[in-house]
Structure formats: structure tokens, C-alpha cells
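Work through the exercises below with the sequence and the 3D structure open beside you.

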Amino acid sequence: MNWASLQGLLSGVNKYSTALGRIWLSVVFIFRVLVFVVAAEDVWDDEQKDFVCNTKQPGCPNVCYDEFFPVSHVRLWALQLILVTCPSLLVVMHVAYREERERRHRLKHGPNAPSLYDNPSKKRGGLWWTYLLSLIFKAAVDSGFLYTFHRLYEGHYDMPRVVACSQPPCPHTVDCYISRPTEKKVFTYFMVATAVVCILLNLSEVAYLVGKRCLEIVGPRRHRSRRRSRLHDSCPPYALSQGDHPQDGNSVLMKASSAVVDAERKGGERESETSMMGENH
């Protein structure tokens, strides 16, 4: 399998990921993909060939191997890594769709036409949901594979050196020997631990995105309500329009200045009327 091509496809995901997403990618490629390609495949390369049983009965070693290893560790991990990294490609494809739509919009309406998106790669609208669902899917895939691994190999995490098998066509209970059991046990625990770390990173990123989105929605509302209450307390009645909705600062100052000018004009008119009445008398 050419894992370099998969790494090349996912290298662009860093541009659209948060800090936790970049850590997740680093863990996947350094501690899962590279370890799988460089070491794990070689460790399990001779798993069936060196699975030896103390009997000459034809077919007995094959049946016993299938009993204790129904699915190869290497193939199970390969399928897990493919499925867990594919959702990240959905984010790249969504951004590419946005950029292509923006390009067609400018070709149709001219280069000076208003943009459809302020930033096509910014996680807003549908792209935010795509990114969030990809995180949930990745966590679900890793959790599902861990559960499957536990059900298939329950009690075999320690990789015993000798296993007893009595499956037909074995003539009696025979002992079978696993090659390099300690080395396989170390890699098994390592791959399980890195999968758990990736699940925690995905769930942490989901909590971060949801929390940040809630603050962006609730924060401006609180700011507007506080500003409205301050204007109600500090502004005179004429500074409020009908319906008691506060206006901006410029309109309040203009109305206040106009009220002062009206008061001065009325005062001047009253003084002139008083003086004219005195002269008549």
C-alpha cells in the first residue's frame, strides 16, 4: 500500500484545521502510519508461516491459526487508518468546491463582483458542519475498531507464547506456538494507545468548536443588551425613539443640541414680548 500518496493528500488539511486538529494529524502520521509501515508490517509478516503446532495432522495449524487470529492485526489496522483519515478529505473537497464556485461566480459577473464568501477556507456555514461531522465520524471509527479488536482478541492482548487448540481436524488438544509474541504485544498496546489518544483529541476539538460557536452567538447578544440598558439609564426621554429603542450616539447628540437651541429661541421670544408690552404701557 502506498501510504505516501495518502500523506500527500492529507497534508493540505493542516490549512483548515485548528491546533488540536494539527496535533491529531501529527499523531496519526508519526505514531500510527509511520510505525505501521516501518515496523508493524514486518513484525506480522511471518505470522502464519511461523505459527507452528506440535502435530503433523494436515490442516490443523491453519484451523488453529484461524481460531486465535480470525482477522490479521495488520489488515485490521490498515483498514482502520484508511477509514479514520478519509473524513479529513471531505473538508479539503468542501473548500475546493467553495473555491470553484467563487471562480465561476467571478467569471460570470466579472472580477469586481462581490465575493460569495469572505474567506472560502474559513469554517463558517456548511464548512463548519462538515468539519464537525468529520471529527465525530473519526472518533466513531476509532471507537468502533477498538471495540471490534476487543471482541476478536479478548484475552489475547498479552500474546501468549503457547496456545492450546482442540479444533478439528486436530486429533487431540495440541500446543501451538506464536512467533515473536513479546514484540507483537508491544506493538498491539502501542496501536491501541495511539487510537485512544486520537479519540480524545477528536472529542476535545468537538468541544472546542461547539463552545467557540456558542460564545460567538451568545456574546454579541449580551453586549447589545448591556449597551441598551446603559442607554436607557443615561439618555433623556427625547433621546429615545418611538418604541423605546435606543439610537446611536450621533442622533442623541443632534437631538440634545437641537433641544438647547429651541429653548434659547423660546426664551428670547418671551423677553422680546415682555419688552414690547412695557413700552406700550
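## Exercise 1: An aromatic pair

Phenylalanine 51 is buried, with a relative accessible area of 5%, where buried means under 20% relative accessible area, exposed over 50%, and partly exposed in between, using a 1.4 Å probe and protein chains only. The model is a predicted one, in which local features need pLDDT of at least 70 and side-chain atom pairs count only at pLDDT 80 or more, while totals for chains, interfaces and linings use all residues. Residues are numbered from 1 along each chain as its sequence is written, and side-chain values use heavy atoms, with hydrogens and water left out.

**Task.** Find which ring pairs with phenylalanine 51, and describe how the planes are set.

**Solution.** Begin with the total: the structure holds six aromatic pairs. Rings of Phe, Tyr and Trp (its six-membered ring) pair if their centres lie within 6.5 Å, and planes under 30 degrees apart count as stacked, over 60 as edge-to-face and the rest as tilted. Helices (H or I, at least four residues) and strands (E, at least two) are DSSP runs, numbered from the N terminus. Finally, phenylalanine 69 is buried, with a relative accessible area of 7%.

## Exercise 2: A second pair and the cluster

**Task.** Decide how the rings of tryptophan 77 and phenylalanine 149 are arranged, and name the cluster in which they take part.

**Solution.** The ring centres of tryptophan 77 and phenylalanine 149 are 6.2 Å apart and the planes are at 25°, so this pair is stacked. Tryptophan 77 belongs to helix α4 and phenylalanine 149 to helix α5 (residues 126-152), so that the pair links distant parts of the chain, 72 residues apart. Tryptophan 77 is buried at a relative accessible area of 3%, and phenylalanine 149 also counts as buried, at 3% relative accessibility. Both rings are members of one aromatic cluster, formed by Phe51, Tyr65, Phe69, Trp77, Phe149 and Tyr153.

## Exercise 3: The disulfides

**Task.** How many disulfides does the structure hold, and what is the pairing of the bonded cysteines in sequence order?

**Solution.** The structure holds three disulfides, a disulfide being a pair of cysteine sulfur atoms within 2.5 Å.

- Cysteine 53 is joined to cysteine 176, with S to S 2.0 Å. The torsion about their S-S bond is about 100°, so this disulfide is right-handed. It links strand β1, which holds cysteine 53, with strand β3 (residues 174-177), which holds cysteine 176, across 123 residues.
- Cysteine 60 and cysteine 170 have their sulfur atoms 1.8 Å apart. Their torsion is about 95°, so the disulfide is right-handed. Cysteine 60 is in helix α3 and cysteine 170 in the loop between β2 (162-165) and β3, 110 residues apart.
- Cysteine 64 is joined to cysteine 165, with S to S 2.1 Å. Here the torsion is about -85°, so the disulfide is left-handed. Cysteine 64 lies in helix α3 and cysteine 165 in strand β2, so the pair ties together parts that are 101 residues apart in sequence.

When the bonded cysteines of the protein chain are numbered in sequence order, the pairing reads 1-6, 2-5, 3-4.

**Task.** Are cysteine 53 and cysteine 176 buried or exposed?

**Solution.** Both cysteine 53 and cysteine 176 are buried. Cysteine 60 is buried at a relative accessible area of 0%, and cysteine 170 counts as buried at 10% relative accessibility. Cysteine 64 is buried with a relative accessible area of 0%, and cysteine 165 is buried with 2%. For two further cysteines, cysteine 86 counts as partly exposed at 34% relative accessibility, and cysteine 214 is partly exposed at 42%.

## Exercise 4: A charge and a ring

**Task.** Over which ring does the charged end of lysine 138 sit?

**Solution.** The charged end of lysine 138 sits over the ring of tryptophan 24, 3.8 Å from its centre. A charge sits over a ring if NZ of Lys or CZ of Arg is within 6 Å of the ring centre and within 35 degrees of the ring normal.
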